[in-house]
Amino acid sequence: MQQTASPLLRPTRPRPTAARLTTAAACAVLALGMTVLAVDPAAQAAPAPDSRSGAAHSDAAHPVKTDPRLIRLQGTENTRTFATYRTTDGHALNPRVIRSDNLSKLTPGDQRALAGRGVATVVDLRTGIERGLQPDRPVPGAKNVAADIFGDQLVGALNLDDGYRMFVSEPHARAEFARTLRLVSATLAKGHAVLFHCTAGKDRTGWTAAMLLTIAGVDRATVNRDYLASNKFRHTTSADAQNGVRIEWLNTSFATADRMYGSFDGYLRRGLRLSDAEIATLRAQLRG
């Protein structure tokens with residue numbers, strides 16, 4: 001999903017409403033990874049509780065403490081692994097799978113740190129506009145692959161409800177997500193690490209991570225916690241529609257998969273066109 005800019009990229013002037021956005025302005029907003037919802041800003045101030053998750057938006061912002069998931073880099077804030085998770089039958093997860101926000105501000109030390117982790121493939125889920133304005137700094141020895149999830153479907157970038165639905169419903173998005181999962185599998189097969197990211201590492205990256213965790217055999221509650229952890233690492237809350245994530249958005253993608261394909265497995269097989277062998281291989285690779 002379209003991501004918001006890092007705190008250093010947030011504009012100091014008031015955020016424009018959707019009604020004021022020209023086409024050029026919308027592209028600029030998109031390029032910075034900002035989300036603009038087509039509603040009255042006053043209505044955004046008090047989001048309704050998420051009845052489907054059984055709780056209000058209670059994941060309050062708090063300082064990031066030492067966390068084994070977090071890869072501490074100077075130029076990113078949401079780079080992490082699945083280190084603390086286990087599958088329902090007790091398997092640890094592969095530490096060579098890394099999710100992140102964009103790599104445009106990596107320091108030389110950050111670049112060395114990722115190379116030291118064996119990162120051989122970087123999958124960039126952003127649009128061409130985003131890549132042009134905030135190009136990734138290279139990880140030594142790694143191949144960077146563009147997998148633009150939205151393509152020309154920019155409406156999904158400006159409306160998160162539509163975007164999370166489009167992750168599943170749009171053929172182009174499905175093709176790029178399928179390619180991403182195959183790149184993860186191919187990289188792990190060689191014993192290397194793979195990093196996938198978008199702008200803020202929360203929406204497009206969040207759905208990719210949710211797919212991988214579900215394929216690995218992690219329970220849904222853990223998938224949800226990993227998704228919502230972007231609020232922690234980005235120092236925000238679900239109430240912040242621009243910078244945070246809300247569990248109902250993730251629920252939308254899973255629900256769309258159920259509606260269109262009968263189940264998540266149906267989505268993998270008929271939506272992403274992954275074979276049984278590809279799914280089984282990826283599941284085994286993700287389990288440490």
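**The whole chain**

The structure is a predicted model, in which local features need pLDDT of at least 70, side-chain atom pairs count only at pLDDT 80 or more, and totals for chains, interfaces and linings use all residues. Residues are numbered from 1 along each chain as its sequence is written, and side-chain values use heavy atoms, with hydrogens and water left out.

Of the 288 residues in the chain, 53% are buried. Here buried stands for under 20% relative accessible area, exposed for over 50%, and partly exposed for what lies in between, with a 1.4 Å probe and protein chains only. The accessible surface of the chain comes to about 12000 Å², and carbon and sulfur atoms hold 54% of that. Such areas come from the Shrake-Rupley method with a 1.4 Å probe, and for residues only the protein chains shown count as cover. Among the contacts in the chain with a separation of 6 or more, 70% join residues 24 or more positions apart; a contact means heavy atoms within 4.5 Å.

**Helix α12**

Next, select residues 276-286, which form helix α12. Which of its residues are buried? They are I279, L282, Q285 and L286. These four lie on the same side of α12, because they cover an arc of only 130° around the axis; the arc is taken over the directions from the helix axis to the C-beta atoms. D276 and A284, on the other side of α12, are exposed. Just after α12, G288 has a positive phi of about 60°.

Within α8, select A209. This residue is buried, with a relative accessible area of 0%. Leaving out residues up to four places away in sequence, A209 touches F82, R99, F196 and D226. A209 and R99 are 110 residues apart in sequence, yet 7.2 Å apart in space from C-alpha to C-alpha.

Then move to T199, in the loop between β4 (193-197) and α8. T199 counts as buried because its relative accessible area is 2%. Its side chain makes a polar contact of 2.5 Å with the side chain of E130. A polar contact is a pair of N or O atoms within 3.5 Å; within protein, one must be able to donate a hydrogen and the other to accept it, and residues adjacent in sequence count only if both atoms are side-chain atoms.

**Helix α9**

Select residues 220-233, helix α9, and find S230 in it. Is S230 buried or exposed? At 1% relative accessibility, S230 is buried. Beyond its neighbours within four places in sequence, its contacts are N78, R80, R99, G201, K202 and V245. N78 is 152 residues from S230 in sequence and 6.7 Å from it in space, C-alpha to C-alpha.

**The aromatic rings**

Now show the side chains of Phe, Tyr and Trp. Their rings (for Trp, the six-membered one) pair if the centres lie within 6.5 Å, and planes under 30 degrees apart count as stacked, over 60 as edge-to-face and the rest as tilted. By this rule there are 12 aromatic pairs. One of them joins Y261 and Y267, tilted, with 6.1 Å centre to centre and 50° between the planes. F264 and Y267 form another tilted pair, 5.9 Å centre to centre and 50° between the planes. Both of these residues lie in helix α11, 3 residues apart, about one turn of the helix, and both are buried. Elsewhere, ring pairs link F150, Y164, F167, F177, Y227 and W249 into a cluster.

At the start of α6, a side-chain oxygen of N159 comes within 3.0 Å of the backbone nitrogen of D161.

Finish with T256 in helix α10 (residues 247-261). T256 is buried, with a relative accessible area of 4%. Its side chain reaches the backbone oxygen of T252 at 2.7 Å. Setting aside neighbours within four places in sequence, T256 is in contact with R165 and V168.

Key
Helices (H or I, at least four residues) and strands (E, at least two) are DSSP runs, numbered from the N terminus.
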